[in-house]
Amino acid sequence: MDDDSYNDEGSVDEPRGGGSTSHPANPEIEGWKKAFKAQQDLLDARQKEMDLRGRLASRDRKLDDFERTVRSLTGERDELATEITRLRNELAQLQFHQAASHRPGGPSFRAPQPDQGWRGRGGPRSGGRGGHAPTHTPTPPTIQPGAPPNEDTEMTPAEPAIPIAAPRQPTPANWGPPAHAPAPAPVPPGNPAIATPPPVAPVAANTVANPTPRCRRGRGGPTTANDMEVDAPFDPRTDAEKEMDAILELRWLPDDALESSGQPKSTWYKYWVSDISRGEALEGMDFDEVGDDDREFAVDALLQDPYAAFKEGMTAAAEAKESLRVSKNKSLVTGPMDKATSVETYGKWAGTTIDSVVQAHNLRWWTVVEGDEHAKNFYKFIVNLHNAPCWRRSVGVRYLFKCVAADSRLMKSGQTYPRTYSTPREGLGRYPPSTASAQDIWRFFRGAPAGSWPEGMRMANGECAPRDLEVYRAPHRYDTLAFFLLWHLVPQRPRASPHSVHDDRFRTAAMELFSVEGWYNWLVSGGEYHLVPSRHPIRYPYPTDDISPVHVAAWFAVHGVGRDEQIIHCLERWGRRARNQGLGRTPDNLEPWPTEPRDLASVTTPAHSALVVKFDDIAWGEVLAEEHTSNVDDYGTDLLEDE
């Protein structure tokens, strides 16, 4: 629209030519429209937020209702379980009473007759039936005068039976084994149906008093062994559960089939039969995972425990099922069973079979963990051979058939299970990195044979570990930390390195420091090294031309040892043993040192106190220029191997 369309009064003139006109765009109006639209969008968003919050609140209420329902049902389940246990106990007692009240013989309310004694196994006995007496003949109770002759007399296990006179002393000619039964108990007062019993005559030598068995409704008869086990604890387990428990009790025991087969024993089997796997009462087990009391090997191993994984296949029912399968396919047998006889193909497995579950698991370990080619070939041979339905599969072969699917995929890929710190192995192997946790450090030594541990390292019970590469033991928890820190703090350069002389100096200084009990704590307290922020362990990188106990104490205090009394005690034990061996003495010799430093008093004089400075004031020197600056690719060796 042109500017001259406005008149002097400010009104809009009629458009020329009679056409329609449109209002010009007013920025203020447009701004209000946008603000109004934004307000509407905000209100809509708030409404949606309120709707969502309402839905969330509704779901929270439903979740609360569900939780209350679950708690209620859980409580009802616990109550039902308690009630079931009580009913089972009552059922066991009722079964006992029923067995006691239905013995053969029926009621026999007759006047007691004189006992003529035992006349042998088949001889007659007065008062017996058919001229033969059972091994144990009960004496009927005496009825009060006036009582009906056919009235049932109630006798429960809580009511003791009436004692009788002792039998006549048998002669050597008619000697027989006496019946074994508990001694009679006195009659409780207040029972009108039972008369006061006569006094019991003394029992002759080599004879046993024959008490009346406890029964219900006056029924007599011989007492069995099960009837006499009144005080035996009730076992709520079913027969199937008892069989499973009996199978699991065979764990951690040497396997006769594997021991006599000549098959190579894996590190798993050596570990499995060691004392550590039987859950001995040893200290240091608190580093394990929750629920692991070192009775379950599967928690720390790569493969599940064979007995726990295949206990259902080791039952009598599984054997019967296998026998039925073989009987249905026995017509398919065309010749003798093949055997793996090629030594070149199967190695030490040639000519052997898989009979037990332990043998099968030992073969699996060699195959999927160790990657042994002979074991792989024998594994494939066993599976292919028993794919024929006519051959009987032992429990070990059935275990292999359960695991063959997962194992075959691993074998085809050419890979093995990745090892962990606790995986059983032949030697000590690579030390964990300096950032490892105390649990990983303990498990690292636990998975290695005791003979590969650093010399002087103790077991969890405080005894020195045996120098045997065939046994595995639980390590002492603080010894593991002490030797781990020694490995990461004491430099160990190759002998060809020009700086290897510094390693010997630092190790000697550390040995002398810890050989004097209390010296390390005195230096740390004087220099306040324990107040310095702790750092990860790292090997001493500085020259040792002017090394002193202050350097060693400060380095150990800041890089892992600190003021831990248990670790300090283990290091002091290591220092004494190492220094004794250097002097040609027995490791545990407690005699005074012949050379300096001799004792704590000689190294804590005022002159020595003046040499103790703060950590930042120690003259460390320049870091030695070399490639050995980290602990990567360091493998375990004995710290005392040069002594």
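Modeller: Two residues are in contact when heavy atoms of theirs lie within 4.5 Å. This is a predicted model, in which local features need pLDDT of at least 70 and side-chain atom pairs count only at pLDDT 80 or more, while totals for chains, interfaces and linings use all residues. Residues are numbered from 1 along each chain as its sequence is written, and side-chain values use heavy atoms, with hydrogens and water left out.

The whole chain comes before the part. The chain has 18 helices and 0 strands; both are DSSP runs numbered from the N terminus, helices being H or I with at least four residues and strands E with at least two. Of its 643 residues, 38% are buried. Buried stands for under 20% relative accessible area and exposed for over 50%, with partly exposed in between, using a 1.4 Å probe and protein chains only. The chain has an accessible surface of about 37,100 Å², and carbon and sulfur atoms account for 55% of that. Such areas come from the Shrake-Rupley method with a 1.4 Å probe, and for residues only the protein chains shown count as cover. Among contacts with a separation of 6 or more, 70% join residues 24 or more positions apart.

The part to look at is the largest nonpolar core. A nonpolar core is a set of buried Ala, Val, Leu, Ile, Met, Phe, Trp, Tyr and Cys residues joined through side-chain atoms within 4.5 Å. The largest one holds 58 residues, and those touching the most other members are Trp453, Tyr520, Tyr529, Phe556 and Val561. Two or more residues of this core come from each of helix H12 (438-446), helix H13 (477-489), H14, H15, H16 and helix H17 (565-582). The biggest share is that of H13, which gives 9 residues.

Alanine 482 belongs to helix H13. With a relative accessible area of 1%, alanine 482 is buried. Neighbours within four places in sequence aside, alanine 482 has contacts with Ile567, Cys570 and Leu571. One of these pairs can be followed along the chain: alanine 482 and cysteine 570 are separated by 88 residues in sequence, yet their C-alpha atoms are 6.2 Å apart.

The packing of helices comes next. Two packed helices are described by the angle between their axes and the distance between the axes. Axes are lines fitted to C-alpha atoms, for helices over the stretch in contact, and the angles run from 0 to 180 degrees between N-to-C directions. The axes of H12 and H13 come within 9 Å, crossing at roughly 95°. H12 and H13 are therefore roughly perpendicular, given that 65 to 115 degrees counts as roughly perpendicular, under 35 as roughly parallel, over 145 as roughly antiparallel and the rest as oblique. Ala438, Ile441, Trp442 and Phe445 of H12 make this contact with Arg477, Thr480, Leu481 and Phe484 of H13. Sorted by class, the residues are 6 nonpolar, 1 polar and 1 charged. In this sorting Ala, Val, Leu, Ile, Met, Phe, Trp, Tyr, Cys and Pro are nonpolar, Asp, Glu, Lys and Arg are charged, and the others, Gly among them, are polar.

Helix H15 (residues 519-527) and helix H16 (residues 549-558) have axes that come within 9 Å and cross at roughly 80°. This pair, too, is roughly perpendicular. From H15, Trp519, Tyr520, Leu523 and Val524 meet Pro549, Val550, Ala553, Phe556 and Ala557 from H16. The contact of H15 with H16 has 9 nonpolar residues, no polar and no charged. Beyond residues up to four places away in sequence, phenylalanine 556 touches Leu486, Leu489, Val490, Phe506, Ala510, Phe514, Tyr520, Val561, Gly562 and Leu571.

Glutamate 528 sits in the loop between H15 and H16. At a relative accessible area of 36%, glutamate 528 is partly exposed. Its phi is positive, near 55°, in a residue other than glycine. Most residues other than glycine have a negative phi, and most peptide bonds are trans.

Helix H14 (residues 500-515) contains aspartate 503. Aspartate 503 counts as buried because its relative accessibility is 5%. Apart from neighbours within four places in sequence, aspartate 503 contacts Pro491, Gln492 and Arg493.

The peptide bond between glutamate 596 and proline 597 is cis, with omega about -5°.
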